[in-house]
Amino acid sequence: MVIVPGKSMDSNIKSHLKENPTNMKNHDFSLFSELYTCYYQVVARILSEAAHHPLTRIQIEKLARQYGYDESVLAIVPRLIQGDWPFLRESGHTSQTYTSVLKQEPFPQSLTNLQRSWLKALTMDTRFRLFFTDAQLEELREALSDIAPLYRTSDFCLFDQYGDHDPFSSVMYREHMQILLGAVCEHEFLSVSYLSRKGKILTHTWLPCRLEYGQRDGKFRLYGMAFNKTGKKRMDVLNVARILSLKKTGRYYPASVNVDSFLDRSLCEQPLILEITTQQNALERAMLHFSCYQKKVERLEDKNTYRCTIYYDKRWETELLIQVLSFGPVVKVLGPESFLEQMIERVHRQSLLTDEMSDASS
């Protein structure tokens, strides 16, 4: 569901929230996530195309990349082609082409009670209010008034998070997020007063291009394009919580900005190379965990391991290091050597700290 800031909720979404869920007793949808995840959407797109005309394997792989990720080709296409997921059959017209076995469109037509309950849980997250106007929040509250939330924030204990999250409940923080969201959508330059890490107040004009959230540190970051005195463009990264004030300039950039092209210039010369096993659902967890990084995934010959090459900004190396360590033995670092040395040093420091704590308690 996508709602543009400042616009009213789509009438179809509101009607879906209020109408009764479809009768799904003939389907074995045991998990909500299996219904609407990216993989489900990718398969649905492939089946929709295959229902209209036969598809070759190359065409199926192209659709998987278009609507999913590079690794979607490895995870989805073989299961469809080999029949593990019995939704395609070989076409009788041309060899090595496939058509859909489904007689109806695979997309669900209305929301289930489980989905509505999940939406209710999302509305209780303090970050949720940042992306919606008061009018939209009221519409959602009325539409979900008779639904119990699927979960509450208090149900989770997150042990690997930093404690200094952004002040999501702050009125000023929410106002800033709403202005930034509007500027990103409309390509409007903003005059920003910003508190630097060194405690200096900077005032500059940026074009907000992208907002990014760090799950581990609980902070939103703004990617803003600026021009130096010679007119050369650069991409700066600002912590939204450090923004003191925002002012609309009324000046607009004529097109969308390719943020990734700027970020490519700051990527490490030597990418991180990981070997990921299939144990403990490691590949899927890793792809979700590293989804914000540019990467390339390939299946190794033994078919039980994958090689993942991650291209990252040097500024986020420490955060990436902590993320890799959190996977334990199911992920092996193959290089570069400098990254391996940092891992060894960090594990050694952690071992010494554990020994000190053990000695102190004995």
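Predicted model: local features only at pLDDT ≥ 70, side-chain atom pairs only at ≥ 80, totals over all residues.
**Entry 1: Ser261**

I began at Ser261, which is partly exposed with a relative accessible area of 28%. My cut-offs, with a 1.4 Å probe and protein chains only: buried is under 20% relative accessible area, exposed is over 50%, and partly exposed is in between. Ser261 sits in helix α9, residues 259-263. Helices are DSSP runs of H or I with at least four residues, strands are runs of E with at least two, and both are numbered from the N terminus. I also looked up the C-alpha atoms of Ser261 and Met235: they are separated by 9.8 Å, with the two residues 26 apart along the chain.

Residues are numbered from 1 along each chain as its sequence is written, and side-chain values use heavy atoms, with hydrogens and water left out.

**Entry 2: the sheet**

Met235 took me to β7, where it stands opposite Met225. I then traced the open sheet of 5 strands, and its order is β7-β6-β5-β4-β8 with antiparallel pairing. β7 and β8 (243-252) are at the edges with a single partner strand each, so one side of each is left without a neighbour in the sheet. The twist averages 45° from one strand to the next. For that angle, axes are lines fitted to C-alpha atoms (for helices over the stretch in contact), and angles run from 0 to 180 degrees between N-to-C directions. Two strands count as paired if DSSP finds at least two bridges between them.

β6 is joined to β5 by 7 bridges, and the two run antiparallel. On that side I found Arg210 opposite Tyr223 of β6, and Gly214 has Lys219 of β6 as its bridge partner. The hairpin of β5 and β6 has 4 residues between the strands, and Gly218 there takes a positive phi near 65°.

β6 and β7 are also antiparallel, again with 7 bridges. Their hairpin has 5 residues between the strands, and Gly231 in the turn has a positive phi of about 90°.

**Entry 3: the second largest pocket**

Which strands and helices line this pocket? I get β5 (201-214), β6 (219-227), β7 (233-239) and α11 (317-325), each supplying at least two residues of the lining. β7 gives the largest share, 3 residues.

The volume of the second largest pocket is about 590 Å³. Of its 19 lining residues, the closest to the centre are Arg197, Asp217, Arg221, Asn239 and Trp316. By class, I noted 9 charged, 7 nonpolar and 3 polar residues in the lining. Here Ala, Val, Leu, Ile, Met, Phe, Trp, Tyr, Cys and Pro count as nonpolar, Asp, Glu, Lys and Arg as charged, and the others, Gly among them, as polar.

On terms: with a 1 Å grid over the protein atoms alone and a 1.4 Å probe, a pocket is an open set of points with protein on both sides within 12 Å along at least five of seven lines, and lining residues have an atom within 4 Å of a point. Grid points are joined across faces, edges and corners, and the volume is the space filled by probe spheres set on the points.

In α7 (residues 134-143) I found Gln136, Leu137, Leu140 and Ala143 buried. Seen down the axis, they fall within an arc of 130°, so they line one face of α7. The arc is that of the directions from the helix axis to the C-beta atoms. Asp134, Arg141 and Glu142 are exposed on the other side of α7.

For α4 (residues 57-67), the buried residues are Ile60, Glu61, Leu63 and Ala64. Their arc around the axis is only 160°, which puts them on the same side of α4. Ile58, Lys62 and Gln66 are exposed on the other side of α4.

His187 is not a glycine, but its phi is positive, about 60°. I placed His187 in the loop between α8 (171-186) and β4 (188-195). At 23% relative accessibility, His187 is partly exposed.

Gln280 also has a positive phi, near 55°. Gln280 lies in the loop between β9 (272-277) and α10 (282-289), and at 59% relative accessibility it counts as exposed.

Last, I checked the peptide bond between Gly335 and Pro336: it is cis, with omega about 5°. Pro336 is in the loop between β12 (331-335) and α12 (337-361).
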